[in-house]
2 protein chains.
Amino acid sequence: MKISLLTVGDEILIGQVVDTNSAWMGQQLNLAGARVVTVISVGDTMEAIHTGIREALDQGDVVLMTGGLGPTKDDITKKALSEYMGVDMVFHQATFERITKMFEVWGRPMNEAHRLQCFMPANAEILTNKMGTAPGMWMEYAGKVIVSMPGVPYEMQYLMENEVLPKLKKSFPGQPIAHRTILTVGEGESHIAEKLEDFEEELPEGFKLAYLPQIGQVRLRITGTGTDEAALHQILDEKAAIIKARFADIIYGYGTETLEGAVGKMLKERGLKLTTAESCTGGYMAHRITSVAGSSDYFVGSVIAYANEVKMQILGVKPETLDTHGAVSEQTVIEMAEGAVRVLPADVAIAISGIAGPGGGSDTKPVGLAWIAVSNGQTTKTFSIRAGKDRDKNIQYFTVHALNQLRQFLKQL
Amino acid sequence: MKISLLTVGDEILIGQVVDTNSAWMGQQLNLAGARVVTVISVGDTMEAIHTGIREALDQGDVVLMTGGLGPTKDDITKKALSEYMGVDMVFHQATFERITKMFEVWGRPMNEAHRLQCFMPANAEILTNKMGTAPGMWMEYAGKVIVSMPGVPYEMQYLMENEVLPKLKKSFPGQPIAHRTILTVGEGESHIAEKLEDFEEELPEGFKLAYLPQIGQVRLRITGTGTDEAALHQILDEKAAIIKARFADIIYGYGTETLEGAVGKMLKERGLKLTTAESCTGGYMAHRITSVAGSSDYFVGSVIAYANEVKMQILGVKPETLDTHGAVSEQTVIEMAEGAVRVLPADVAIAISGIAGPGGGSDTKPVGLAWIAVSNGQTTKTFSIRAGKDRDKNIQYFTVHALNQLRQFLKQL
């Protein structure tokens, strides 16, 4: 099934909004075995929307449109659709009643613009949007399918998951498709790919392996299709087991897990409390850890020791250590980590000190160098890493590596 | 001048990459007075690229293409272009010499794929890419212009700023266009718009005001066009002065400044050192502050006091305060802020405690509630805020509001 995505709205064209909807839809459709052949964005005019619909229909069997369904004057997607398809607009009573009820619950008055929102192209099958006022629409036209959804991400996502994807699967039944996603950290894409050359060659027809890199991490996704669903899952499990055995050390999880979530789970299982002592990452590591809901179960807090005085006064790093070895050194991160476990009510600490850049580098300690220590008070392990020159990327890279060192440390406990 | 953006690459279609390039280009072109009429993404096949070029040319006077210029087999943009335009590919000696030199500097061997990268459509004017191996190309075809650039964001940005935008301005001279961007924080878009209704109505022909909202912040951009450049700038300055006078309190800067950068500048000017004591923001505030290069000049570090023990042990919050008022209370943030100034080598502290969600809310203290205190040891000011239900958004919203309270506090010093 070939799919065209069509986004309506000037805000994409002037760059006020980044089109994350299309990326999300592309991912979901790809996972469902559909092929997105083009993504088109057009502005809020009748002519532009008609051009967009024509070109989208030209390339796809299905056109998934987002945007232009709001109650304001700019929002003319439905009018453009009814004109393009040559059908009337009709009042949809059930939508009117649903919206009326929503406004009652909110205790806000409904106005004429909201009533006008209930007119729909006559051939539209209404897809109920439980997340907002504008419903989705499923329309058959010239032997193809056009779907229109609101551009608000969580409304579009709700409609895709609950209405559009199930209907697409029913209308365009393809071979069953399934996936296994294996999450790795700490090794580069090309190194992993080298070790999987034979694996890729031996994959049976209808199976493929994709490398999805992020900063410091690579997701490996095996996708398979086949008529026999049980056999399909069996092969996927066998193939995943091979990767699992070959890369046991760098796999932190499966599916949609995050590294910080996986580490959190390990801490919770072991009944351990975590703290961080951060210099160059400036709180980003604590932020990543606390971005997980429920992290207060295992995370007590951090000392962001940006200035050397804080390293000394709060964490107890010795002035001699800083004088002799400098703030970015193995000795300093050891004292930071051991100090953090001593001073804070935690069982394990990660400490990090490095040069995020763009300034502050030297010949012996260049921008991108960082030292990491992980300690539980008895045992302290240290690591140095080298990243690039970009401040933001370095901070992310350092953080991923530090969380990975913590993960390795916890595995031994 | 009407512009079509055309992105080549399967990674956009399967949602592996979010198309931030188009948003960046849309912004820059809009600022330069050009109008992006469509954004099209197609896959890595000859047929798809040809379709994309045809549709992009159909709608725009200029087509700006990105992607598909790398040394691998997937990268067929140049071949697709030469076929589409019916021109030969020719070897470009100057590019070969430039790439050869780059590899010498890197100390890496050059291979056949890199030599093949030096073949270009015969009608292409080469745009030197100082950021990478693949050059940009400027081609005239059927009375229109096609530009091809690499998809790597910083290479594309370099070529746009140094080659493409200047050449577009020369080839399509329009009326001078200029902007003033005024950055506000702490008031909603609709409230600001209400107070600018008369201002918008009185704007002369050729001038407009745009509202660009972010979490907790709104950028106001006045854009003007006119034949007399001096008069244009004079009107823009006058109009900006009106907004400046009307919103003195909520304006934190101009142009491309960030809130954390503006606050950093104020601290530096006053010779003051900052610390943060964070509970619900979990280090995100420190992260935002240290995302500014050079922040070590005024930021000493933070205590992330996620657990109550840390609030007590490191910041000296009294157990009675936590027992009587709870962790999310005015009294607690006062003691956190005053404790932070006392314990850390800083002159000013921001403290925050709240409920980021999704769990942890109650009837009296719902998800989205936060208390903020700003203190210099002598004076302590407090504020409470209410945000929504989304954990990530709440953390960002809390942080912006806290930085804004610090800004207001510093203004008095």
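Guide: Two strands pair if DSSP finds at least two bridges between them. Helices (H or I, at least four residues) and strands (E, at least two) are DSSP runs, numbered from the N terminus. This is a predicted model: local features need pLDDT of at least 70, side-chain atom pairs count only at pLDDT 80 or more, and totals for chains, interfaces and linings use all residues. Residues are numbered from 1 along each chain as its sequence is written; chains are lettered from A and ligands numbered from 1 in the order in which they are written.

Visitor: How many residues of chain A are in contact with chain B?

Guide: Contact here means C-beta atoms, placed from the backbone, within 7 Å. Chain B contributes 56 residues. Chain A contributes 56.

Visitor: Which elements of chain A each supply at least two residues of the side that touches chain B?

Guide: Among the helices are α1 (10-13), α2 (20-31), α3 (46-59), α12 (284-290), α13 (308-313) and α16 (391-411). The strands are β2 (35-42) and β14 (299-305).

Visitor: Which residue of β14(B) is the bridge partner of G301(A)?

Guide: β14(A) pairs with strand β14 (residues 299-305) of chain B. The pairing is antiparallel, over 5 bridges. In it, G301(A) is partnered by A305(B).

Visitor: Which residue of β7(B) is the bridge partner of E125(B)?

Guide: Strand β6 (residues 125-127) of chain B joins strand β7 (residues 136-141) of chain B through 3 bridges. The two run antiparallel. The partner of E125(B) in β7(B) is W138(B).

Visitor: Which residue takes a positive phi in the hairpin of β7(B) and β8(B)?

Guide: β7(B) also pairs with strand β8 (residues 144-149) of chain B, antiparallel over 5 bridges. E140(B) faces V145(B) of β8(B) there. The hairpin has 2 residues between its strands. With phi near 50 degrees, the residue is A142(B).

Visitor: Which residue takes a positive phi just after α4(A)?

Guide: The phi is about 70 degrees. It belongs to the residue that comes just after α4(A), G86(A).

Notes: Contact = placed C-beta atoms within 7 Å.
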